[in-house]
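Work through the following exercises on one protein model. Each task is followed by a stepwise solution.

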Amino acid sequence: MKTLTKKIFITMVMACLTIGSVCGQTEVEFINDTDIPTEELKEASTRVLDKVNDLVHYLGMMTCGSCGYSDNTKLDICTDALSLFMGNGDPYPVSVQIIRGKDTIWEKQTAPAVAMQFIKSKWTPDSVITRLTKEYLNSLIHDPFAKKKHVKIGLAKAARIDNVNKTSDGHYVAIVTIKLRTIRLNQSESRIIYQDDTEKKVQVYMQRVETTTAMGTKMVQWIIKLGDIYAVKVE
């Protein structure tokens, strides 16, 4: 694999919470250690960050008690959020490379449904909980805190791509770091009773599909899906 080791800068405007957030425009930097042309990878990486920011936006909508969304509307939002993930949150088929002697074969297998990690609270930083992403997102529809306007979720800091690695022909994995802010409010929404910022690592799967148009020109399409989300630390 050819190593380009060129830095890429992408400017993103981060989503903000209405209470206790810091807004701004941030340059995102990472190393191009793939065989993809830098400009093409820059465009693909922007789409990766868009996907992650879309997820945070959906989380904010599903926990917005004052927005007046019905359970049916939140169910539609949940469906849109799940469409960002591999298998739409369900187990999904994958091709696994297996080496048998001198032969290499691709075997169809079923990957488990994507999962999401949480740290229980900043008072218990070692208490990591893992839930299926689909289960968690569906639970937000009926979350009593969200229904009573007691919780808000959003970005505390702009999403950042740490790395992009090639896994097989046309397939890549990006690791995106986000800092997710959770705020719990009192009954009148006038005072914050709890707030934490949890750093998470998001696996993002990227598939590069190159086709030839009727005019004979090459066209590149990127299929981008989110994978597992790991909780790193809370403060």
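**Exercise 1: a helix pair**

Task: find how the axes of H2 and H3 are placed, and at what angle they cross.

Solution. Step 1: the axes of H2 and H3 come within 9 Å and cross at roughly 160 degrees. Axes here are lines fitted to C-alpha atoms, for helices over the stretch in contact, with angles running from 0 to 180 degrees between N-to-C directions. Helices (H or I, at least four residues) and strands (E, at least two) are DSSP runs numbered from the N terminus.

Step 2: H2 and H3 are therefore roughly antiparallel; the classes are roughly parallel under 35 degrees, roughly antiparallel over 145, roughly perpendicular from 65 to 115, and oblique for the rest.

Step 3: in H2, Asp71, Lys74, Leu75, Cys78, Ala81 and Leu82 meet Thr133, Lys134, Leu137, Asn138, Leu140 and Ile141 of H3, where contact means heavy atoms within 4.5 Å. By class, this contact has seven nonpolar, two polar and three charged residues. Ala, Val, Leu, Ile, Met, Phe, Trp, Tyr, Cys and Pro count as nonpolar, Asp, Glu, Lys and Arg as charged, and the others, Gly among them, as polar.

The model is predicted: local features need pLDDT of at least 70, side-chain atom pairs count only at pLDDT 80 or more, and totals for chains, interfaces and linings use all residues. Residues are numbered from 1 along each chain as its sequence is written, and side-chain values use heavy atoms, leaving out hydrogens and water.

**Exercise 2: the nonpolar core**

Task: state how many residues the largest nonpolar core has, and which have the most contacts inside it.

Solution. Step 1: a nonpolar core is a set of buried Ala, Val, Leu, Ile, Met, Phe, Trp, Tyr and Cys residues joined through side-chain atoms within 4.5 Å. Buried means under 20% relative accessible area, exposed over 50%, and partly exposed in between (1.4 Å probe, protein chains only).

Step 2: the largest such core has 45 residues, and Phe85, Leu137, Val176, Val204 and Met206 have the most contacts inside it. H1 gives the most to this core, with 11 residues.

Step 3: beyond four places in sequence, the contacts of Val204 include Val48, Val52, Tyr172 and Ile224.

**Exercise 3: threonine 211**

Task: decide whether threonine 211 is buried, partly exposed or exposed.

Solution. Step 1: threonine 211 lies in strand E9.

Step 2: its relative accessible area is 35%, so threonine 211 is partly exposed.

Step 3: leaving out residues up to four places away in sequence, threonine 211 touches Thr217, Lys218 and Met219.
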